[in-house]
Amino acid sequence: MLNDITIGPITIHMYGLMIGIGYLSAYLVCCLRAKKKGLNEDLLWGILICSILGILIGSRLLFYLVNIPQIKEDPSILWNFRNGYVVYGGISFGVLFGYIYCRKKQAPFLKYLDLAMPAVAMAQGFGRIGCFFAGCCYGRQTDSWLHIIYTHSDFAPNNVPLIPTQLISSAGNFLIAAFLFWYSSKTKKDGTVGAMYMILYSIGRFTIEIFRDDLRGAWGGLSTSQLISIGVLIAGIFLIVIFHKKSEQPLL
(Lines give C-alpha, C1' and ligand atoms only; values in the text may rest on other atoms or scores of the structure.)
Protein backbone atom coordinates (compact mmCIF):
# COMPACT_ATOMS: atom_id res chain seq x y z
CA MET A 1 0.00 0.00 0.00
CA LEU A 2 1.44 3.36 -1.04
CA ASN A 3 0.98 6.55 0.93
CA ASP A 4 2.16 8.74 -1.94
CA ILE A 5 0.19 8.50 -5.17
CA THR A 6 1.67 10.34 -8.14
CA ILE A 7 -0.58 11.52 -10.97
CA GLY A 8 1.54 13.30 -13.54
CA PRO A 9 3.35 16.17 -11.81
CA ILE A 10 1.09 15.93 -8.75
CA THR A 11 1.87 13.77 -5.72
CA ILE A 12 -1.01 13.07 -3.36
CA HIS A 13 -0.09 12.19 0.21
CA MET A 14 -2.97 9.94 1.22
CA TYR A 15 -2.45 10.28 4.98
CA GLY A 16 -2.67 14.04 4.84
CA LEU A 17 -5.55 13.90 2.37
CA MET A 18 -7.62 11.66 4.63
CA ILE A 19 -6.88 13.83 7.68
CA GLY A 20 -7.99 16.87 5.68
CA ILE A 21 -11.18 15.10 4.55
CA GLY A 22 -11.85 14.19 8.17
CA TYR A 23 -11.50 17.76 9.42
CA LEU A 24 -13.54 19.24 6.57
CA SER A 25 -16.36 16.71 6.79
CA ALA A 26 -16.56 17.13 10.56
CA TYR A 27 -16.79 20.91 10.24
CA LEU A 28 -19.44 20.79 7.51
CA VAL A 29 -21.55 18.28 9.44
CA CYS A 30 -21.29 20.43 12.56
CA CYS A 31 -22.40 23.49 10.60
CA LEU A 32 -25.45 21.66 9.25
CA ARG A 33 -26.39 20.34 12.68
CA ALA A 34 -25.77 23.72 14.33
CA LYS A 35 -28.53 25.26 12.19
CA LYS A 36 -31.01 22.65 13.38
CA LYS A 37 -30.01 23.08 17.01
CA GLY A 38 -30.00 26.86 16.97
CA LEU A 39 -26.29 27.15 17.75
CA ASN A 40 -24.00 29.86 16.43
CA GLU A 41 -22.29 28.69 13.25
CA ASP A 42 -19.73 31.50 13.43
CA LEU A 43 -18.46 30.16 16.74
CA LEU A 44 -17.79 26.79 15.15
CA TRP A 45 -14.95 28.16 13.04
CA GLY A 46 -13.20 29.54 16.12
CA ILE A 47 -13.75 26.30 18.00
CA LEU A 48 -12.37 24.32 15.04
CA ILE A 49 -9.18 26.42 14.81
CA CYS A 50 -8.57 26.26 18.56
CA SER A 51 -9.29 22.54 18.67
CA ILE A 52 -6.93 21.79 15.75
CA LEU A 53 -4.20 23.73 17.54
CA GLY A 54 -4.90 21.76 20.71
CA ILE A 55 -4.88 18.48 18.79
CA LEU A 56 -1.48 19.20 17.27
CA ILE A 57 0.05 20.24 20.59
CA GLY A 58 -1.56 17.57 22.74
CA SER A 59 -0.90 14.63 20.44
CA ARG A 60 2.77 15.58 20.20
CA LEU A 61 3.20 16.21 23.94
CA LEU A 62 1.75 12.83 24.89
CA PHE A 63 4.01 11.17 22.32
CA TYR A 64 7.02 12.80 23.96
CA LEU A 65 5.81 11.75 27.40
CA VAL A 66 5.40 8.05 26.60
CA ASN A 67 8.64 7.86 24.62
CA ILE A 68 11.08 9.52 27.03
CA PRO A 69 13.53 6.55 27.01
CA GLN A 70 13.65 6.52 23.19
CA ILE A 71 14.10 10.31 23.09
CA LYS A 72 17.03 10.09 25.52
CA GLU A 73 18.72 7.65 23.17
CA ASP A 74 17.83 9.58 20.02
CA PRO A 75 16.99 13.28 20.63
CA SER A 76 16.30 13.76 16.90
CA ILE A 77 12.86 12.26 17.60
CA LEU A 78 11.91 15.63 19.08
CA TRP A 79 11.97 17.37 15.72
CA ASN A 80 10.96 14.47 13.51
CA PHE A 81 7.36 15.41 12.72
CA ARG A 82 6.69 12.74 10.10
CA ASN A 83 5.13 10.58 12.83
CA GLY A 84 4.69 10.56 16.57
CA TYR A 85 1.16 11.74 17.35
CA VAL A 86 -0.97 10.14 20.07
CA VAL A 87 -4.73 10.41 19.56
CA TYR A 88 -5.66 10.63 23.24
CA GLY A 89 -3.38 13.61 23.78
CA GLY A 90 -4.86 15.31 20.72
CA ILE A 91 -8.47 14.75 21.77
CA SER A 92 -7.80 15.92 25.34
CA PHE A 93 -6.08 19.14 24.31
CA GLY A 94 -8.54 19.70 21.48
CA VAL A 95 -11.43 19.60 23.94
CA LEU A 96 -9.48 21.77 26.42
CA PHE A 97 -8.72 24.46 23.85
CA GLY A 98 -12.33 24.35 22.65
CA TYR A 99 -13.49 24.77 26.24
CA ILE A 100 -11.22 27.78 26.75
CA TYR A 101 -12.55 29.37 23.58
CA CYS A 102 -16.17 28.78 24.63
CA ARG A 103 -15.47 30.29 28.04
CA LYS A 104 -13.96 33.36 26.43
CA LYS A 105 -16.98 33.73 24.13
CA GLN A 106 -19.41 32.88 26.97
CA ALA A 107 -20.81 30.04 24.89
CA PRO A 108 -22.43 26.86 26.31
CA PHE A 109 -19.50 24.47 26.10
CA LEU A 110 -21.44 21.26 26.70
CA LYS A 111 -23.86 21.98 23.86
CA TYR A 112 -21.03 22.52 21.42
CA LEU A 113 -19.21 19.47 22.76
CA ASP A 114 -22.26 17.30 22.11
CA LEU A 115 -22.57 18.85 18.67
CA ALA A 116 -18.95 18.07 17.81
CA MET A 117 -18.26 14.60 19.20
CA PRO A 118 -20.23 12.53 16.65
CA ALA A 119 -18.39 14.42 13.91
CA VAL A 120 -15.08 13.89 15.73
CA ALA A 121 -15.66 10.13 15.67
CA MET A 122 -16.44 10.38 11.97
CA ALA A 123 -13.24 12.37 11.34
CA GLN A 124 -11.28 9.71 13.20
CA GLY A 125 -12.73 7.12 10.85
CA PHE A 126 -11.24 8.98 7.89
CA GLY A 127 -7.99 9.51 9.78
CA ARG A 128 -7.53 5.78 10.34
CA ILE A 129 -7.93 5.20 6.62
CA GLY A 130 -4.99 7.58 6.27
CA CYS A 131 -3.08 5.43 8.76
CA PHE A 132 -3.87 2.41 6.60
CA PHE A 133 -2.32 4.04 3.54
CA ALA A 134 0.73 5.22 5.48
CA GLY A 135 1.24 1.91 7.28
CA CYS A 136 1.40 3.39 10.78
CA CYS A 137 -0.64 1.99 13.70
CA TYR A 138 -0.21 -1.45 12.14
CA GLY A 139 -1.35 -4.78 13.55
CA ARG A 140 0.32 -8.00 14.59
CA GLN A 141 1.50 -10.61 12.13
CA THR A 142 -1.26 -13.10 11.33
CA ASP A 143 -2.09 -16.25 9.39
CA SER A 144 -5.73 -15.19 9.01
CA TRP A 145 -7.33 -14.50 5.63
CA LEU A 146 -8.06 -11.03 7.00
CA HIS A 147 -4.71 -9.33 6.53
CA ILE A 148 -2.77 -6.68 4.66
CA ILE A 149 0.72 -7.04 3.21
CA TYR A 150 2.77 -3.87 2.85
CA THR A 151 5.56 -3.70 0.32
CA HIS A 152 6.59 -0.02 0.46
CA SER A 153 5.74 1.18 3.95
CA ASP A 154 8.14 3.35 5.95
CA PHE A 155 6.48 2.27 9.19
CA ALA A 156 4.95 -1.20 9.04
CA PRO A 157 6.96 -4.40 8.44
CA ASN A 158 6.97 -5.12 4.73
CA ASN A 159 6.15 -8.41 2.98
CA VAL A 160 4.46 -10.03 5.98
CA PRO A 161 0.69 -10.48 6.57
CA LEU A 162 -0.56 -8.08 9.25
CA ILE A 163 -3.92 -7.59 10.96
CA PRO A 164 -5.46 -4.47 9.32
CA THR A 165 -6.02 -2.71 12.64
CA GLN A 166 -6.32 0.66 10.91
CA LEU A 167 -9.35 -0.42 8.88
CA ILE A 168 -10.90 -2.13 11.90
CA SER A 169 -10.42 1.08 13.89
CA SER A 170 -11.88 3.11 11.03
CA ALA A 171 -14.99 0.93 10.86
CA GLY A 172 -15.36 1.15 14.63
CA ASN A 173 -15.12 4.94 14.59
CA PHE A 174 -17.73 5.22 11.85
CA LEU A 175 -20.04 2.96 13.87
CA ILE A 176 -19.50 5.10 16.97
CA ALA A 177 -20.27 8.20 14.90
CA ALA A 178 -23.49 6.67 13.56
CA PHE A 179 -24.61 5.70 17.05
CA LEU A 180 -23.80 9.13 18.48
CA PHE A 181 -25.72 10.90 15.72
CA TRP A 182 -28.72 8.75 16.63
CA TYR A 183 -28.16 9.10 20.38
CA SER A 184 -27.91 12.90 20.16
CA SER A 185 -31.40 12.99 18.65
CA LYS A 186 -32.79 11.06 21.63
CA THR A 187 -31.10 12.60 24.66
CA LYS A 188 -31.91 16.08 25.94
CA LYS A 189 -29.25 16.16 28.64
CA ASP A 190 -26.27 18.38 27.81
CA GLY A 191 -22.95 16.59 28.02
CA THR A 192 -24.30 13.06 27.63
CA VAL A 193 -23.25 12.72 23.98
CA GLY A 194 -19.69 13.70 24.88
CA ALA A 195 -19.72 11.27 27.80
CA MET A 196 -21.08 8.48 25.60
CA TYR A 197 -18.25 9.12 23.15
CA MET A 198 -15.76 8.65 26.00
CA ILE A 199 -17.35 5.31 26.92
CA LEU A 200 -17.58 3.90 23.40
CA TYR A 201 -14.22 5.12 22.15
CA SER A 202 -12.34 3.92 25.24
CA ILE A 203 -13.82 0.43 24.90
CA GLY A 204 -12.97 0.28 21.20
CA ARG A 205 -9.47 1.67 21.70
CA PHE A 206 -8.67 -0.73 24.55
CA THR A 207 -9.78 -3.65 22.38
CA ILE A 208 -7.92 -2.72 19.18
CA GLU A 209 -4.72 -2.16 21.14
CA ILE A 210 -4.63 -5.92 21.78
CA PHE A 211 -4.10 -6.50 18.06
CA ARG A 212 -1.64 -3.68 17.35
CA ASP A 213 2.10 -4.23 17.12
CA ASP A 214 3.59 -0.76 16.68
CA LEU A 215 5.64 0.91 19.40
CA ARG A 216 3.33 2.94 21.67
CA GLY A 217 4.58 2.52 25.24
CA ALA A 218 3.85 -0.20 27.77
CA TRP A 219 3.14 -0.13 31.50
CA GLY A 220 2.52 -3.29 33.50
CA GLY A 221 1.49 -5.36 30.49
CA LEU A 222 -0.86 -2.71 29.11
CA SER A 223 -0.13 -0.12 26.46
CA THR A 224 -0.25 3.56 27.35
CA SER A 225 -3.51 3.94 25.42
CA GLN A 226 -5.08 1.00 27.25
CA LEU A 227 -4.29 2.56 30.60
CA ILE A 228 -5.73 5.88 29.45
CA SER A 229 -8.78 4.04 28.08
CA ILE A 230 -9.55 2.61 31.51
CA GLY A 231 -9.50 6.09 33.03
CA VAL A 232 -11.57 7.57 30.19
CA LEU A 233 -14.15 4.78 30.51
CA ILE A 234 -14.56 5.37 34.25
CA ALA A 235 -14.79 9.14 33.72
CA GLY A 236 -17.33 8.71 30.92
CA ILE A 237 -19.60 6.50 33.02
CA PHE A 238 -19.35 8.93 35.93
CA LEU A 239 -20.16 11.94 33.74
CA ILE A 240 -23.11 10.37 31.97
CA VAL A 241 -24.66 9.48 35.33
CA ILE A 242 -24.10 13.02 36.62
CA PHE A 243 -25.46 14.69 33.48
CA HIS A 244 -28.56 12.50 33.44
CA LYS A 245 -29.32 13.47 37.05
CA LYS A 246 -29.19 17.16 36.30
CA SER A 247 -32.30 18.83 34.93
CA GLU A 248 -30.42 21.94 33.89
CA GLN A 249 -26.82 22.23 32.76
CA PRO A 250 -24.52 25.18 33.50
CA LEU A 251 -21.89 26.38 31.06
CA LEU A 252 -19.40 24.19 33.02
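Colleague: At what angle do the axes of H7 and H8 cross?
Modeller: In this predicted model, the axes of helix H7, residues 192-209, and helix H8, residues 224-245, cross at roughly 155 degrees and come within 8 Å. With angles over 145 degrees counted as roughly antiparallel, that is therefore how H7 and H8 run relative to each other.

Colleague: Is the crossing of H7 and H8 left-handed or right-handed?
Modeller: The crossing of H7 and H8 is left-handed, and the contact of H7 with H8 has, by class, 14 nonpolar, 7 polar and 2 charged residues.

Colleague: What about H4 and H5, how far apart are their axes?
Modeller: The axes of helix H4, residues 87-105, and helix H5, residues 109-134, are 12 Å apart, and the two helices pack at an angle of about 150 degrees; H4 and H5 are therefore roughly antiparallel to each other, and their crossing is right-handed.

Colleague: Which residues meet there?
Modeller: From H4, Val87, Ile91, Val95, Gly98, Tyr99 and Cys102 meet Phe109, Tyr112, Leu113, Gln124 and Arg128 of H5, and by class this contact has 8 nonpolar, 2 polar and 1 charged residues.

Colleague: Switching to Ser51, is that buried or exposed?
Modeller: Ser51, found in helix H2, residues 41-66, counts as buried because its relative accessibility is 16%, where buried means under 20%.

Colleague: And which backbone oxygen does the side chain of Ser51 reach at 3.3 Å?
Modeller: That is the backbone oxygen of Gly94, while a polar atom of the Ser51 side chain also lies 2.8 Å from the backbone oxygen of Ile47. Not counting residues up to four places away in sequence, Ser51 touches Gly94 and Gly98.

Notes. Residues are numbered from 1 along each chain as its sequence is written. This is a predicted model: local features need pLDDT of at least 70, side-chain atom pairs count only at pLDDT 80 or more; totals for chains, interfaces and linings use all residues. Side-chain values use heavy atoms; hydrogens and water are left out. Axes are lines fitted to C-alpha atoms, for helices over the stretch in contact, and angles run from 0 to 180 degrees between N-to-C directions. Helices (H or I, at least four residues) and strands (E, at least two) are DSSP runs, numbered from the N terminus. Angles under 35 degrees count as roughly parallel, over 145 as roughly antiparallel, 65 to 115 as roughly perpendicular and the rest as oblique. A crossing is left-handed if the near helix is turned anticlockwise from the far one by less than a right angle, and right-handed if clockwise. Ala, Val, Leu, Ile, Met, Phe, Trp, Tyr, Cys and Pro count as nonpolar, Asp, Glu, Lys and Arg as charged, and the others, Gly among them, as polar. Buried means under 20% relative accessible area, exposed over 50%, partly exposed in between (1.4 Å probe, protein chains only). A polar contact is a pair of N or O atoms within 3.5 Å; within protein, one must be able to donate a hydrogen and the other to accept it, and residues adjacent in sequence count only if both atoms are side-chain atoms. Contact means heavy atoms within 4.5 Å.
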